[in-house]
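The exercises below are meant to be worked through with the sequence and the model side by side. Try each task before reading its solution.

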Amino acid sequence: MSARQSGGAIRVLMRRALNEITRVPGAAIPGVLAPSIFFLGLTSVFGSLTLLPGFDTQSYQSFLIPVSLMQGAAFTGAATGVNLARDIEQGWFDRLLASPAPRPVLLAGLVLSASFRALIPATFLLIVAFAIGAEWPGFGGLALALLIVMGMAIVAATWGTSLAMRFKSQSAAPLMQAGMFLAVLLTTAYAPLELLQGWLQEIARINPVTQVIEAARQGFIGEDVTWAGTWPGLLALAGLAVLFTWMALRAMRRMTA
Amino acid sequence: MAAIETKQLAREFEGGIKAVDGVDLDVAGGEIYGFLGPNGAGKTTTVRMLTTLLAPTGGSATVAGFDVAAEPGEVRRKIGVALQEAALDPLMTGRELIHLQATLHGLPRERGDELGDALLGRVGLTQAADRRVGTYSGGMRRRLDLAAALVHEPSVLFLDEPTTGLDPVSRQAIWEEVEKLNAEGTTVFLTTQYLEEADQLADRVGIISAGRIVAEGTPAALKSEVGKPHLELSLVDQHGREADCERVLARFGKPLPAKDGKLLVELEHGTSEVGPIVVALDEAGLAVESLDLVQPSLDDVFVAKTGEHLEGAEEAPADEAIAG
């Protein structure tokens, strides 16, 4: 298959994956609302955390925006895994596997759709955040955050689809969601590294998603967006995406083994 | 060149379940081959191996000249696949599905659109092409699935239970389409649990039971193997006259045990004896009330080879769960 043919196949698969939100009234609403609801709830309850010694940021809203963005991206990506599990159960995926399209093309169609889908909850969240007074992160900070949202959605989608192909059942959905939930939670999501206790601090230190959140956070907490603050996050995303893509392609090969 | 050739093809699942256990097939180009068996016999597992969706654990198989294990990509280019439980997305329109299928096969957009329009017309879905599949009837879905399988002009077409659950009219429409395709040169490998379907469509039939082929041949040859036609008749005022009647019938063939109050006789020399039997009964003063000529069916073949009836056969849950 030529690059052009592959591109065409990826496009039709992406379009099909997006039908889910464009053609089922209301289907997108929970995924869009959830990150914003968490955001509003957490900032209301823990807004005063910034008063703690060692918490450099002035606004907890600004501190938390990138975390909610990552949550939205992770949920969207994991949902791609759940949808694939349904497609496997119902036999739709056999149609794709029986076609001569290269296996990475089949995966790319699924995963790339998630990266675009993830921009929907992100946009909604940003509107809510700015409406209640979050600080403007600058164009650079915003563009970087949205790029990272798309990358995080790809990571979550490759994770979710690899599990879908491994278990071939929607009953693997909790694993897809919980895996991503923990990956985002066990980081500097809710407080700076210095303020985290014992085991959580250790896990957050080695969890690559910490780097991802810190990179996305730069503009929101009033810092300049720097390459030094950015590349560890991008590297972490790339590393996770490569690892889970490898897992997903291996699982896809095993499906027909 | 054989369109499909397997040698000792086998698939064992975890736990040692042998869903397919040494199947030899030799399907010629241009043939319609009917693969007949109850649920769980290994039909679907065999089709999944031949369509590269499942790797064999033993033996070998070539489809359109390519090895399914070593050259799956080549096989996929040559085959059209319409699997059981037509896997269609209810949110897509018929036209979108055909377009997706054409794109997955690498067809240029214009060519795909052109072929897609022709195929949708061919299966009678032009009017419904821009409606969502969710609104289609069962028969429309199968016809769409068939059209989607044909978009790249495959040389071998696999149809896994193409008419299961369809009403007679929809079933007839699918059969006519399959016959037309075959007349145009497409080899068809069809699995079914309907005797009538195999009888009507297949040039040759293979009967699979518990993962093995237990009989193979043309429907006519298989039926003549298991028995001769027989007559079932009842008389006006039959009571007390059975013995007289049986004496007359015995001159024409072996009497069979009576069934549902009807007298049965096997016709030694075929159907040409029906006339003489009626005349002989009349001469003996026995008035015939009803008379049925019964040909051996593929079900008789199935019973003879496997000891069980085909339709309404119990599912074998272990195999079916894995073969999915």
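**Exercise 1. Find how far apart the centres of domain 1 and domain 2 of chain B are.**

Solution. The centres of the two domains of chain B, taken over C-alpha atoms, are separated by 44 Å. Domain 1 covers 2–224 and domain 2 covers 228–295 of chain B, with bounds that come from an automatic or database domain assignment. In reading such values, keep in mind that this is a predicted model, in which local features need pLDDT of at least 70 and side-chain atom pairs count only at pLDDT 80 or more, while totals for chains, interfaces and linings use all residues. Residues are numbered from 1 along each chain as its sequence is written, and chains are lettered from A and ligands numbered from 1 in the order in which they are written.

**Exercise 2. Describe the open sheet of four strands in chain B.**

Solution. Begin with the order, which is β12-β13-β11-β14 with antiparallel pairing; strands are DSSP runs of E with at least two residues, helices are runs of H or I with at least four, and both are numbered from the N terminus. Two strands pair if DSSP finds at least two bridges between them. Next, look at the edges: β12 (255–259) and β14 (288–294) of chain B each have a single partner strand, so one side of each is left without a neighbour in the sheet. Then follow one pair, β11 (residues 230–235) and β14 of chain B, which are joined in the antiparallel sense over six bridges, with B:L233 opposite B:L291 in β14(B). Finally, helix α9 (residues 242–249) of chain B packs on the sheet and touches β11, β12 and β13 (262–266) of chain B, where contact requires C-beta atoms, placed from the backbone, within 7 Å.

**Exercise 3. Work out how helix α3 of chain A packs against helix α10 of chain A.**

Solution. Two packed helices are described by the angle between their axes and the distance between the axes. Helix α3 (residues 60–90) and helix α10 (residues 208–217) of chain A pack at about 125°, with their axes 8 Å apart; the axes are lines fitted to C-alpha atoms over the stretch in contact, and angles run from 0 to 180 degrees between N-to-C directions. That makes α3(A) oblique to α10(A), since angles under 35 degrees count as roughly parallel, over 145 as roughly antiparallel, 65 to 115 as roughly perpendicular and the rest as oblique. To complete the picture, list the residues: A:P66, A:V67, A:L69 and A:M70 in α3(A) meet A:V212, A:I213, A:A216 and A:R217 in α10(A).

How values were computed
Contact = placed C-beta atoms within 7 Å.
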